[in-house]
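Me: Please examine the structure below with me. I should like to ask on what grounds its descriptions rest.

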Amino acid sequence: MSLNLPSRRLLKSASTLSSTSSPPSSLLPALQCLSLGSNASAKATATTPTPSSRRHMHTTRSNQWFWNRNKKDANAGPESSIEKQMGGTRDVRKKLMERLSTRLEGPSIFEDEAKATGDAASEAADAHLEGPGKADAKRQRRAPGAYTKAGASLVKEHLSRAVDPDPRSRVRWERKMVMRAVRNGTNPFSKEPRKLRIARTEREVSSKSPWLATSVKKLVHLSRQIAGKPLDEALVQMRYSNKKMAREVKVQLELARDLAIAERGMGLGEINGEVLHPSQAVKIQTKKGKHVEITDPTRMYVAESWVNRGPWRAKVPSYRARGNIHMLMKPSTSISIVLKEEKTRIREHQERVAKKQRQRVWVHLPDRPITAQRPYYSW
């Protein structure tokens, strides 16, 4: 009768028991069953040799299986092979393993630099802050949404610093310009240039569209259609036009309008109370001879509109007779728009009227002495 591995281990452990000490009561039934099943095993059990040294119950090496490992702290987790090769204390090894196990790359390759720059800027701003609002500003900088994913700051102080990086130089330059304007204004022999006066009193904005998939020949008709018209009327013209590029021109007009309102503050006469009473409306005549009645001097109109030829978009072969191939060139064109306020048209009308009044009466034969007369030809 063959014995399995647990039975053999049990026999060997039973033979190592000392003659003076009796086996445990839990092992007696197993030993009796094994002695009845095999004679050889019974003889081996009857003899009790005296070993030189006591052995454990299991014959496997003590350092092979998991039950004889060195005991660790219950709170400490298992150490990996990499952690065993590290030096330093357990806390240092744990922190280093956490850094190695986490994700290395961030949302941006400049995340570390941007974060360091943002921290340095925050510390510098905290150092310059004074007064009771210092704690609120610090709390605002430490807020979760104070920085973007790329590390750019969204704090009000940081944004103002980006727009105005050198406020002292800006204030010094503004003071210098004010002093120059006062000096020129008080000087009786100085006069403000016409360009500076127009730039100071009037506003305008220009906008250029991207390259459109059309030709100059087609887009120039829309450009001439909106030139000189008020902005609202030009939008209506483009809305109900049958031209394919009319919708693109309409979008460009809307973008120019938004840019003029946001950056130049144009077209805000109703808000600022600059709208005139109908009885005080100004009647002018445009360059083309059209009479216009203006009640809002801040109303925007399309002062200029022109088209520009762009690069060729593509070359399409056109196969002709007798093996000929003609290349069809696909053009691209852009449209540029300049918006101004009605103040400009009022000034231009007044200048034209003043120029006409300064002109003298035209005389067919002026009264002047006749000189340099010869009785023969001068050649």
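**Grounds for the description**

Reply: In this predicted model, among contacts of the protein chain between residues at least 6 apart in sequence, 61% join residues at least 24 apart.

Me: What secondary structure does the protein chain have?

Reply: The protein chain contains 15 helices and seven strands.

Me: How are helix H11 and helix H12 packed?

Reply: Helix H11 (residues 216-226) and helix H12 (residues 231-239) pack at an angle of about 145°, and their axes lie 9 Å apart. H11 contributes Leu222, Gln225 and Ile226 to the contact, while H12 contributes Ala234, Gln237 and Met238.

Me: Why does the contact of H11 with H12 have no charged residues?

Reply: Asp, Glu, Lys and Arg count as charged, and the contact is made by Leu222, Gln225 and Ile226 of H11 with Ala234, Gln237 and Met238 of H12. By class, therefore, the contact has four nonpolar and two polar residues, with no charged ones.

Me: What is the pLDDT of the protein chain, and where is it under 50?

Reply: The average pLDDT is 77, with 66% of the residues scoring at least 70. Residues 17-21 stay under 50, and the model gives them one contact beyond four places in sequence. Residues 36-48 are also below 50, with six contacts beyond near neighbours in sequence. Where pLDDT is low, the predicted coordinates should not be read in detail.

Note on methods:
Residues numbered from 1 in each chain as written. Predicted model: local features only at pLDDT ≥ 70, side-chain atom pairs only at ≥ 80, totals over all residues. Heavy atoms only, no water. Axes fitted to C-alpha atoms, helices over the stretch in contact; angles between N-to-C directions. Helix = DSSP H or I, 4+ residues; strand = E, 2+ residues; numbered from the N terminus. Contact = heavy atoms within 4.5 Å. pLDDT = per-residue confidence, 0-100.
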